[in-house]
Each structure stands twice: as C-alpha cells, then as structure tokens.
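Trainee: Could you take a close look with me at one part of this model, the place where its helices meet? I would also like to see how the rest of the chain is laid out around that part.

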Amino acid sequence: MHKVKVNKYYHGMLSVRDYDCAKGMKLGGLQIAHKGKVVLEVSPASLGLALVNNKNKPTKSKFPPYKMYKLVDFRFTQKDEGTEQSELDLGGL
C-alpha cells in the first residue's frame with residue numbers, strides 16, 4: 001500500500017497526483033494522510049475508476065524536470081477527533 005501525505009483540504013476534497021494513484025494501484029491501494037493521520041484508504045479498483053473518470057486539466061510542475069501531472073480529487077468529510085479512518089468503496093459505479 002502506497003502512503004501519500006496531503007497538506008491541503010479544500011472544499012471537502014483531498015487532491016492526489018495521478019502518478020501517486022498509479023503507483024498505489026500497483027502496490028495494492030493508497031493511504032491518504034492528512035494532519036499526520038491516515039484518513040482515507042482507497043482500493044486499487046477505486047483508484048482505476050478515479051483515474052479514468054478524472055476531468056482535471058494537466059498541470060506543469062514548477063520544479064525540474066517539469067513533468068505534467070493531473071490532480072485526482074477524493075471527497076472527504078472531516079469528523080470529530082476521535083473517529084476512525086474512512087475507506088472509499090466505489091463498487092457500485
């Protein structure tokens with residue numbers, strides 16, 4: 001399972017780069033950490049659907065080697081401090 005740290009929580013979304021999602025698919029899933037805690041686990045099947053249905057435009061990196069990437073958004077709702085982590089399941093899509 002590939003672990004990614006996300007610093008910004010914007011309008012109920014956590015955004016991860018597409019190459020991190022592809023790496024997570026190869027490694028059996030993706031764990032998204034926010035504020036030092038794993039808040040979301042995404043299965044490889046859900047990552048595949050998220051990559052196929054991604055409508056975000058490509059962005060050019062600001063640092064060399066200036067690769068192009070897309071941000072893949074995952075909806076996440078923050079709850080009280082004592083709650084468990086969430087798991088994303090897109091099996092019905």
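Mentor: Happy to; we will start with the conventions and the overall layout, go to the helix pair, and then visit the loops.

This is a predicted model, in which local features need pLDDT of at least 70 and side-chain atom pairs count only at pLDDT 80 or more, while totals for chains, interfaces and linings use all residues. Residues are numbered from 1 along each chain as its sequence is written, and side-chain values use heavy atoms, with hydrogens and water left out.

The protein chain has two helices and eight strands; here helices (H or I, at least four residues) and strands (E, at least two) are DSSP runs, numbered from the N terminus. Read from the N terminus, the order of elements is β-β-α-β-β-α-β-β-β-β. Of the 93 residues, 31% count as buried, where buried means under 20% relative accessible area, exposed means over 50%, and partly exposed lies in between (1.4 Å probe, protein chains only). The chain exposes about 6,700 Å², and carbon and sulfur atoms supply 53% of that area; such areas come from the Shrake-Rupley method with a 1.4 Å probe, and for residues only the protein chains shown count as cover. Taking contacts between residues at least 6 apart in sequence, 58% join residues at least 24 apart, with contact meaning heavy atoms within 4.5 Å.

Now for the part you asked about. Helix H1 covers residues 18-26 and helix H2 covers residues 44-52; their axes come within 9 Å and cross at roughly 150 degrees. The axes are lines fitted to C-alpha atoms, for helices over the stretch in contact, and the angles run from 0 to 180 degrees between N-to-C directions. H1 and H2 are therefore roughly antiparallel to each other, since angles over 145 degrees count as roughly antiparallel, under 35 as roughly parallel, 65 to 115 as roughly perpendicular and the rest as oblique. The crossing of H1 and H2 is left-handed, a term used if the near helix is turned anticlockwise from the far one by less than a right angle, with clockwise giving right-handed. On the H1 side the contact is made by Asp18, Cys21, Ala22, Gly24 and Met25, and on the H2 side by Pro44, Leu47, Gly48 and Leu51. Sorted by type, the residues of this contact are six nonpolar, two polar and one charged; Ala, Val, Leu, Ile, Met, Phe, Trp, Tyr, Cys and Pro count as nonpolar, Asp, Glu, Lys and Arg as charged, and the others, Gly among them, as polar.

Leu51 lies in helix H2 and is partly exposed, with a relative accessible area of 27%. Not counting residues up to four places away in sequence, Leu51 touches Asp18, Cys21, Ala22, Met25 and Val72.

Thr59 is found in strand E5 (residues 59-60) and counts as partly exposed at 31% relative accessibility. Setting aside residues up to four places away in sequence, Thr59 touches Lys67, Met68 and Tyr69. Ser61 is found in the loop between E5 and E6 and counts as buried at 18% relative accessibility. Leaving aside neighbours within four places in sequence, Ser61 is in contact with Tyr66, Lys67 and Tyr69. Pro65 is in the loop between E5 and strand E6 (68-69), and the peptide bond from Pro64 to Pro65 is cis, with omega near 10 degrees.

Backbone angles deserve a check as well. Most residues other than glycine have a negative phi, and most peptide bonds are trans. His11, in the loop between strand E1 (2-5) and strand E2 (13-17), has a positive phi of about 50 degrees although it is not a glycine; at 64% relative accessibility, His11 counts as exposed. Lys35, in the loop between strand E3 (30-34) and strand E4 (37-42), has a positive phi near 55 degrees and counts as exposed at 69% relative accessibility. Gly36 lies in the loop between E3 and E4 and counts as exposed at 77% relative accessibility.
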